[in-house]
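User: I have a model open and want to go through a residue and a ligand site. Can you take my questions as they come?
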Amino acid sequence: MDLTHHNSSLYHIASASKTPERILVTGGCGFAGANFVRYVHAMHPEVNITVLDLLTPAGNLESIKSLLGDGVEFVHGDIRDEALLDHLVPGHDAIVHYAAESHNDNSIANPEPFVKTNVEGTFRLLEAARKYDVRFHHISTDEVYGDLALDDPAKFTEETPYHPSSPYSSTKASSDMLVRAWHRTYGLRTTISNCSNNYGPYQHVEKFIPRQITNIIEGIRPKLYGDGLNVRDWIHTEDHSSAVWTILTTGRLGETYLIGANGERNNLTVLRDILRVMGQPEDAFDWVKDRPGHDRRYAIDSTKLQTELGWRPTHTDFESGLRQTVQWYIDNPQWWRPMKHDTELVYSRRGQ
Ligand code: NAD
Ligand code: DAU
């Protein structure tokens, strides 16, 4: 018996090694989803992409508008709409599920949409994927693991127990559990990725880095929560996209992969970097009240993804990625200005 051949064909069955021809990307008008659509369109132009997005205040069709009609199709709708999914899902080789309510501060103010979209929405998509036997990649977050102490040398791995803190992260943890159950119980061809904090173009101005950049452009003082020492593990969104593509096409079915690029920095350091890059004094910001339940530190160990699938990040120089991001917001005020005023109004009502 040819064991080598036997093992490799088994691996072939258990892995997702076929390049998909047609993918359905949910949440493809949001920050990470739009960057993924743009990445696949540029790197794999033979792949047809359907974007399903509800265009909540976090979604912006402008982020993918230039691609429409060129292998990218947009469908306006809700991932919880069963009839729409029955119409849309057949004919796709894979679903890449980015759609979510994604902002921790919003989840603290009003958790209900988070349960509806992140839990019920993922359930509906899983059911549609099961009905039409479609491969499913679930986009998740490192926040499902809770947080680490600042002086803890540990990082999150795929074995770290789930311990979410916020309404947002608990709904993402719930959705991960649904995906695992659909794989084990129904044999759905799934993978999950849990990524750390993304930065780059097309990110909503409610999020930390774009909020501060656009504040400075608008003459508003940047705002830092609490003592500013909370650590996030920053990764350029293009590296997130390349990792997701790698997992979608070569990941082992039923597996979880952590995505990160060794980008740990505390918020004070990041804010001072932004101020320096934008030619401002390093103390030109306001301290504001802390986020309730604020996670202290995230850190990703991406050894599994790197050793098993050979993925590597390319944007490893944070300062250079930050400069490009600052330049993108300077060059594209028409993209973010329409949402800036209302976003700051919400923050000022919360005293942040
Ligand atoms: P985002 O808020 O920028 O975009 C979310 C998108 O989903 C929007 O376009 C919105 O219109 C759409 N959407 C929301 N509810 C919907 C619904 N019911 N039906 C259809 N579309 C709906 O979020 P993001 O930062 O791009 O995050 C996308 C995904 O990536 C999320 O699942 C998030 O948990 C995950 N993630 C993000 C990061 C990050 O740093 N941004 C890191 C790790 C994981
Ligand atoms: O870790 C991955 C997660 O990263 C994703 O799952 C989430 O969808 C994404 O929003 C992000 O979550 P965070 O809560 O870490 O990101 P946010 O940009 O909201 O905040 C980053 C840090 O900056 C956090 O410690 C809070 C702080 N902060 C945020 C804002 C908006 C400030 O100090 N000032 C601010 O104005």
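**A histidine and a ligand site**

User: Where is the place of His41?

Analyst: His41 sits in helix 2, which covers residues 31-43. Keep in mind that this is a predicted model.

User: Is His41 buried or exposed?

Analyst: His41 is buried, because its relative accessible area is 19% and the cut-off for buried is under 20%.

User: And which side chain does the side chain of His41 make a polar contact with?

Analyst: That of Asp70, at 3.1 Å.

User: What else is His41 in contact with, leaving aside neighbours within four places in sequence?

Analyst: Besides Asp70, the contacts of His41 are Ile49, Leu67 and Val72.

User: Switching to ligand 2. Which residues come nearest?

Analyst: There are 25 residues around ligand 2, and those that come nearest are Asp142, Tyr168, Asn197, Arg291 and His294.

User: How much of the accessible area of ligand 2 does the protein cover?

Analyst: On its own ligand 2 has 690 Å² of accessible area, and the protein covers 95% of that.

User: Which elements give two or more residues to the shell?

Analyst: Helix 7 (208-218) and strand 8 (223-225).

User: And the shell by class?

Analyst: Around ligand 2, 10 residues are polar, 8 charged and 7 nonpolar.

Key. Residues numbered from 1 in each chain as written. Chains lettered and ligands numbered in written order. Predicted model: local features only at pLDDT ≥ 70, side-chain atom pairs only at ≥ 80, totals over all residues. Heavy atoms only, no water. Helix = DSSP H or I, 4+ residues; strand = E, 2+ residues; numbered from the N terminus. Buried < 20%, exposed > 50% of the residue type's maximum accessible area, 1.4 Å probe, protein only. Polar contact = N/O pair within 3.5 Å; in protein donor to acceptor, adjacent residues only side chain to side chain. Contact = heavy atoms within 4.5 Å. Near = heavy atom within 4 Å. Areas by Shrake-Rupley, 256 points an atom, 1.4 Å probe, with all protein chains shown as cover. Nonpolar A, V, L, I, M, F, W, Y, C, P; charged D, E, K, R; others polar.
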